[in-house]
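Dear colleague,

I am passing on to you the structure that I have been going through, and below it you will find my notes on what turned up. Please read them with the model open beside you.

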Amino acid sequence: MRSDGSARAPLALKIAALGGLLFLHLPLLLIFVYAFTTEEKSYAFPPPGYTLRWFSVVWERQDIWAAIWLSLKVAAIATTIALVLGTCAAAAVSRAKFFGRDYISLLFILPIALPGIITGISLRSAFSVMDIPFSTWTIVLGHATFCIVVVYNNALARFRRTAGSMIEASMDLGADGFQTFRHVVLPQIGSALLAGGMLAFALSFDEVIVTTFTAGQQSTLPIWMLNELIRPRQRPVTNVVAIFVIAVTFIPILAAYYLTREGEHTAGAGK
């Protein structure tokens, strides 16, 4: 027992926790190590030498920049669509009372629970039936299916912790719907939307399975990396790009964590 009254964790539990952290993060550490290796073809350990050469190689590869730009564009558009549709859906489900509301909420969550390959096949079939050619927009539509769920879950949780009496008071004082949303609702759900948007962006940026079925001949950054793994030369190039992907996805997820961890203190949480 510590001086502050909290119990000490057993040694076996500490070892298990450390083992879990190593299991999760040691492969990521190896990516950083092999991004600097002088060996082109294999993953010899320890690396025979270290170099910054591969960073300059990545900088000069136009195919990599094209894939990065496509991934960023798709993630930005899919996140924007998700913020609009996910927020509207969460507001309707949280504020309105109608028959089957819980089932409607389940249908919104279902796409992220389904295996990605099922979503990809269904979208590819739908595009073929409607004779829609593969393009950036088909990738965006595929990513929006799970991005909407992320935003919806965050917004719904925050709507349910926001006091409805604040909205009613705003309307009673003469504010219209837009003014109420801007000055009352948005400040309450803003951090949840920002967190949901960041998480949706991160998920979209590194998505592979759904993209495989909706991209056609286009190559997002994860698809480019998957194709590069089968090539025997310049494997460190893939590791350098992987470092970039880790940074792009880790930063939004970390920000989303810090934005939502204090969500229980939202106004109206105790109502």
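In which helix is Leu-110 found? Leu-110 is found in helix H4, where helices (H or I, at least four residues) and strands (E, at least two) are DSSP runs, numbered from the N terminus. Before going further, please keep in mind that this is a predicted model, in which local features need pLDDT of at least 70 and side-chain atom pairs count only at pLDDT 80 or more, while totals for chains, interfaces and linings use all residues. Residues are numbered from 1 along each chain as its sequence is written, and side-chain values use heavy atoms, with hydrogens and water left out.

As for the overall picture, the protein chain has eleven helices and zero strands, and of its 271 residues 35% are buried (buried means under 20% relative accessible area, exposed over 50%, and partly exposed in between, with a 1.4 Å probe and protein chains only). The chain exposes about 15900 Å², of which carbon and sulfur atoms supply 69%; accessible areas come from the Shrake-Rupley method with a 1.4 Å probe, and for residues only the protein chains shown count as cover. Among the contacts (heavy atoms within 4.5 Å) between residues at least 6 apart in sequence, 74% join residues at least 24 apart.

To return to Leu-110, this residue is partly exposed, with a relative accessible area of 38%. Leu-110 belongs to a nonpolar surface patch of about 660 Å², made by Ile-104, Leu-107, Leu-110, Leu-114, Ile-117, Ile-118, Ile-121 and Ile-209. Helix H4 (101-113) and helix H5 (116-129) are the elements that give two or more residues to the patch. Patches are made of residues with over 30% relative accessible area and no salt bridge, like charges being joined within 9 Å and nonpolar side chains (Val, Leu, Ile, Met, Phe, Trp, Tyr) within 5 Å.

Leaving aside neighbours within four places in sequence, Tyr-152 is in contact with Gly-86, Ala-89, Ala-90, Val-93, Ser-105, Phe-108 and Ile-109.

Thr-87 is found in helix H3 (residues 62-95) and is buried, with a relative accessible area of 9%. With neighbours within four places in sequence again left aside, Thr-87 is in contact with Ala-82, Val-151, Ala-155, Phe-159, Ile-189 and Leu-193.

Helix H2 (residues 53-60) has Trp-54, Val-57 and Val-58 as its buried residues. Seen down the axis of H2, these fall within an arc of 100°, so they line one face of the helix; the arc is that of the directions from the helix axis to the C-beta atoms. An α-helix has 3.6 residues a turn, so residues three or four places apart point the same way. The face of H2 turned away from the buried side carries the exposed residues Trp-59 and Glu-60.

The structure holds one salt bridge, defined as a side-chain nitrogen of Lys or Arg within 4 Å of a carboxyl oxygen of Asp or Glu. Arg-61 forms it with Asp-63, the closest N and O atoms being 2.9 Å apart. Arg-61 is buried, with a relative accessible area of 18%, whereas Asp-63, at 35%, counts as partly exposed.

Two further places concern loops. Gly-49 lies in the loop between helix H1 (11-34) and H2, counts as buried at 15% relative accessibility, and touches Phe-36, Thr-37 and Thr-38, not counting residues up to four places away in sequence. Asp-131, in the loop between H5 and H6, is exposed, with a relative accessible area of 68%, and its phi is near 55°, a positive value in a residue other than glycine. Most residues other than glycine have a negative phi.
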